[in-house]
Amino acid sequence: MADMSLSKHPMPEQDVEKRIHNFDEVALGYDAETAMAEAKRCLNCANPLCRTGCPVSVRIPEFIAKVAEGDFDAAYEILTSTNTLPAVCGRVCPQEKQCESKCIRGKKGESVGIGRLERFVADYHIAKNEASSYDLPALNGHKVAVVGSGPSGLTCAGDLRKMGYDVTIFEAFHKSGGVLVYGIPQFRLPKEIVQIEINNLVSMGVKIVNNAIIGKSESVDELFEDGFEAVYIASGAGLPQFLHIPGENLMGVYSANEILTRTNLMKAYRDDYDTPLKKFHNVAVVGAGNVAMDAARVAKRLGDGDVYICYRRGRDELPARKEEVEHAEEEGIEFRLLNNPVAVVGDETGKVIGIELQKMELGEPDERGRRKPVPVPDSNWVLPCDAVIIAIGTSPNPLIRSTTPGLNITPKGAIETSEEGKTSREGVFCGGDAATGSATVILAMGAGKTAAKSIDEYIRSK
């Protein structure tokens, strides 16, 4: 019998006063009793709309039913039949905009905590410290190369291996995981968790070659010469975008990419690493997506002053996840909404001393339905700060597109891709942020699944 309580079971969290001084995970996860109670809120609908909101088609009601019964091993098997990275998705997916937004329970009260249950099941499996067992087919004699070991590349590689392909991932960094290791902070996604998910793939037989910059150490054409029959480009969007305003080249202006990579991948927050990072006092973060929240919360932990989010729209237009915004506010980050940065202000030595903001009002909705910010005349003011972090998005690195003849490119610099993940080059497929520009982990994973299917069809048809 379903539990008809209107609210989700709350997620236990690390105390705010403690967590702003450490990089330990903020959300602590459900225990078994809470997970079973939350699972019993599921109505097990005859027509489960939650599945339609999931880019990787997780068999949601089925795994939740097993959690309700206390059969967590069966729940894990159901989860991983379609999702290669459940411990990651349970932490960083915007479930409130996807599966949970379609949940019938959400019509009255709150939806079922699908993401929290996914995380619980994955963490339960990890805690058992057992190797994941997969019923894998023998290798079929066909080789596929995957460029990039972020969420899209890992998903595509895992699905292809389950179909019998011999898969090699080529990763530019010394560490695998892409944006999961360089972009998302430890307090939101522990890197040990990412490594366990990657180890699962390696135990399935997926090979990973690190420090391999495709487009430099080897071209896509050379991968075909090496005997790969298809190449999946999942190289992400690691090129930071800037505002092109006066003062943006002053000392103390950073891209969110640089701050997050130094902190997450290169462990600048730890005393036993030599990665240099200046100690911040007052920091202005420009942008209001998840990356801006991550950068602001990292700056708060690494500094000793105030951190501000500067954003030209209002609270209702914030693109970041509700949970990320709430965590940022709890941690004392101040929001300067309806304020558009127009210049970075420096002193005579070329160091940042402030950011000039212009007040905005919201006008008519634009083509996407978001109300357009309109400048308020004579409203400029300066917010004092000694560092500015730009977090307004990223675009795909031009290396692969400039070294691979015959690829069509979109006006925004992404690789043009069909819905099936095909590019204009035969045998070359692409997905995730390399095809869309920066988006979510789960959409990149969905693209990886789609591409794996397309690659299988392509090789079979040959």
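Trainee: Let me pick one: is asparagine 211 buried or exposed?
Mentor: Asparagine 211 is exposed, because its relative accessible area is 54%. With a 1.4 Å probe and protein chains only, buried means under 20%, exposed means over 50%, and partly exposed is in between.

Trainee: Before I go on, what kind of model is this?
Mentor: This is a predicted model, so local features need pLDDT of at least 70 and side-chain atom pairs count only at pLDDT 80 or more, while totals for chains, interfaces and linings use all residues. Residues are numbered from 1 along each chain as its sequence is written, and side-chain values use heavy atoms, leaving out hydrogens and water.

Trainee: Okay, back to asparagine 211. Where is it in the chain?
Mentor: Asparagine 211 is in the loop between β3 (207-209) and α11 (220-225). Helices (H or I, at least four residues) and strands (E, at least two) are DSSP runs, numbered from the N terminus. Asparagine 211 also has a positive phi of about 55°, although it is not a glycine.

Trainee: And what about the phi of leucine 338?
Mentor: Leucine 338 is not a glycine, yet its phi is positive, at about 55°. Leucine 338 is in the loop between β9 (334-337) and β10 (339-346). With a relative accessible area of 28%, leucine 338 counts as partly exposed.

Trainee: New topic: rings! What makes two of them an aromatic pair?
Mentor: Rings of Phe, Tyr and Trp (its six-membered ring) pair if their centres lie within 6.5 Å; planes under 30 degrees apart count as stacked, over 60 as edge-to-face and the rest as tilted.

Trainee: How many aromatic pairs does the structure hold?
Mentor: There are nine aromatic pairs. One of them joins phenylalanine 23 and phenylalanine 187, a tilted pair with 5.8 Å from centre to centre and 50° between the planes. These partners come from distant parts of the chain, 164 residues apart: phenylalanine 23 is in the loop between α1 (16-19) and α2 (32-39), and phenylalanine 187 is in the loop between α9 (179-182) and α10 (191-204).

Trainee: Why is the pair of phenylalanine 173 and tyrosine 182 called edge-to-face?
Mentor: The planes of phenylalanine 173 and tyrosine 182 are at 85°, with the ring centres 5.7 Å apart, so the pair is edge-to-face. Phenylalanine 173 is partly exposed at 32% relative accessibility, while tyrosine 182 is buried at 15%.

Trainee: Which residues are in the aromatic cluster?
Mentor: Phe23, Phe187 and Tyr269 make up one cluster.

Trainee: What lies over the face of phenylalanine 187?
Mentor: Arginine 301 does, at 3.9 Å from the ring centre. A charge sits over a ring if NZ of Lys or CZ of Arg is within 6 Å of the ring centre and within 35 degrees of the ring normal. Likewise, lysine 143 has its charged end over the ring of phenylalanine 228, 4.5 Å from the centre.

Trainee: Charges, then. How many salt bridges does the structure hold?
Mentor: It holds 30 salt bridges (a side-chain nitrogen of Lys or Arg within 4 Å of a carboxyl oxygen of Asp or Glu). One of them is between glutamate 100 and lysine 8, at 2.8 Å from N to O. Glutamate 100 is in helix α6 and lysine 8 is in the segment before α1, so this pair links distant parts of the chain, 92 residues apart. Both glutamate 100 and lysine 8 are buried.

Trainee: What about lysine 66 and glutamate 69?
Mentor: They form a salt bridge too, with the closest N and O atoms 3.6 Å apart. Lysine 66 and glutamate 69 are three residues apart in helix α3 (residues 60-69), so about one helical turn separates them. Lysine 66 is partly exposed at 26%, and glutamate 69 is exposed at 55%.

Trainee: Last one: how many disulfides are there?
Mentor: Zero, taking a disulfide as a pair of cysteine sulfur atoms within 2.5 Å. For cysteine 156, the closest cysteine sulfur is in cysteine 430, 11 Å away, which is too far for a bond. Cysteine 385 is in no disulfide either, as the nearest cysteine sulfur, that of cysteine 310, is 7.5 Å away.
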